[in-house]
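Thanks for coming, everyone. I have one model to walk through this morning.

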Amino acid sequence: MEVVTNPTVNVRLTSTLSSFEVQRRFNRGISIAELKAKLEMVIGTSASSMDLELFSVTDKFLQKMDDNDALLGSYAVDDDSRIHVTDRSGGKLGEFDDVSKVEKFEISDEAYKKRTDSARSFMKKHRVGHFNEEEMAKKKAEQAARQEEQKAAADAISVGSRCKVQVPGQPTKLGTVMYVGTTDFKPGYWVGVKYDEPLGKHNGTVEGKQYFECEDKYGAFVKPLHVTVGDFPEEDYGLDEM
């Protein structure tokens, strides 16, 4: 029988610098030296100052991991094993946990505006995001046009009409229009539909407000452009056939 070993392993990490335990996944093919380099950003001390010890899943000490050239997979490392890092540089427990002890850099908004190496300066220079007035104006115009299109579609839909709902990526559904207009749960115009089958999400009540009544899982709200009104009789699904 061939034993297949997962090329990666998920281990728990602890250290003398922190009381917290974290989990990370590593490739078994990396060396201990490479592992220490990866642990620098996790533990907060240099690789040259690390001593590693391996513990089992039940936290039983197994061995020191002191051969920098050895591969991680050459040790008895299983998923949920623990690797404990001892810092030999003189760091103290909790040294990196309390951010209140870290000196904070503060700058006034006026001074920040004058800086040429800030993120804000970069965005203004390259006209990114809300600093691109032309792009923002275009987006607002497109949003207004979509809103008008949705409103026009909503105005053409009447409560009580039979309808067909075609939402991209979903099967076509038949139902009856129960509500047309704006809602409290999302901006824009919406059409409340009672489906012929239990393919909806609710009973006409959303976030505690009742917009229409129907059986649970028969109600749904869709955008007006996804609704087509017309002569769509309810299917009998062959119930009248013998």
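I'll go from the whole chain to the cores, then to the charged side chains.

First, the ground rules. This is a predicted model, so local features need pLDDT of at least 70 and side-chain atom pairs count only at pLDDT 80 or more, while totals for chains, interfaces and linings use all residues. Residues are numbered from 1 along each chain as its sequence is written, and side-chain values use heavy atoms, with hydrogens and water left out.

Overview. The protein chain has four helices and twelve strands. Those are DSSP runs numbered from the N terminus: helices are H or I with at least four residues, strands are E with at least two. The chain has 242 residues, and 33% of them are buried. Buried means under 20% relative accessible area, exposed means over 50%, and partly exposed is in between, with a 1.4 Å probe and protein chains only.

The chain exposes about 16,300 Å², and carbon and sulfur atoms supply 50% of that. Those areas come from the Shrake-Rupley method with a 1.4 Å probe; for residues, only the protein chains shown count as cover.

Now contacts, meaning heavy atoms within 4.5 Å. Take the contacts between residues at least 6 apart in sequence: 52% of them join residues at least 24 apart.

On to the cores. In soluble globular proteins, nonpolar side chains tend to be buried together. My definition of a nonpolar core is a set of buried Ala, Val, Leu, Ile, Met, Phe, Trp, Tyr and Cys residues joined through side-chain atoms within 4.5 Å. The largest one here holds 20 residues. Which of them touch the most other members? They are L35, L39, L52, M65, L72 and I83. Strands β1 (8-15), β3 (50-55) and β5, plus helix α1 (32-43), each supply at least two residues of this core. Helix α1 gives the most, with four residues.

Look at L39. Setting aside neighbours within four places in sequence, L39 contacts L13, F26, G44, M50, L52 and V85. There is also a second, separate core, with eleven residues, including I157, V165, V193 and V222.

Next, charge. A salt bridge here is a side-chain nitrogen of Lys or Arg within 4 Å of a carboxyl oxygen of Asp or Glu. That rule gives nine salt bridges.

Start with D59. D59 sits in the loop between β3 and β4 (61-64). Its phi is near 65 degrees, a positive value in a residue other than glycine. D59 counts as partly exposed because its relative accessibility is 36%.

Which residues pair with D59? One is R12, with the closest N and O atoms 3.0 Å apart. R12 lies in strand β1 and D59 in the β3 to β4 loop, so this pair ties together parts that are 47 residues apart in sequence. R12 counts as buried because its relative accessibility is 7%.

The other pairing to show is R82 with D59, at 2.8 Å between the closest N and O atoms. This pair also links distant parts of the chain: R82 is in strand β5, 23 residues from D59. R82 is buried, at 13% relative accessible area.

Now a pair within one helix. D155 and K151 form a salt bridge at 3.3 Å, N to O. They are four residues apart in helix α4 (residues 133-155), so about one helical turn separates them. D155 is exposed at 54% relative accessible area. K151 counts as partly exposed at 30%.

Back to the wider picture. Salt bridges that share partners join R12, E21, D59, D80 and R82 into one network. D80 is in the loop between β4 and β5. D80 has phi near 75 degrees, again a positive value in a residue other than glycine. At 31% relative accessibility, D80 counts as partly exposed.

D87 is buried yet has no salt bridge. How far away is the nearest side chain of opposite charge? That is R88, at 7.4 Å. For charge, Lys and Arg count as positive and Asp and Glu as negative; His and the chain ends are not counted.

What does the D87 side chain meet instead? It makes a polar contact with the side chain of T45, at 2.6 Å. A polar contact is a pair of N or O atoms within 3.5 Å; within protein, one must be able to donate a hydrogen and the other to accept it, and residues adjacent in sequence count only if both atoms are side-chain atoms. Not counting residues up to four places away in sequence, D87 touches T16, L17, T45 and S49.
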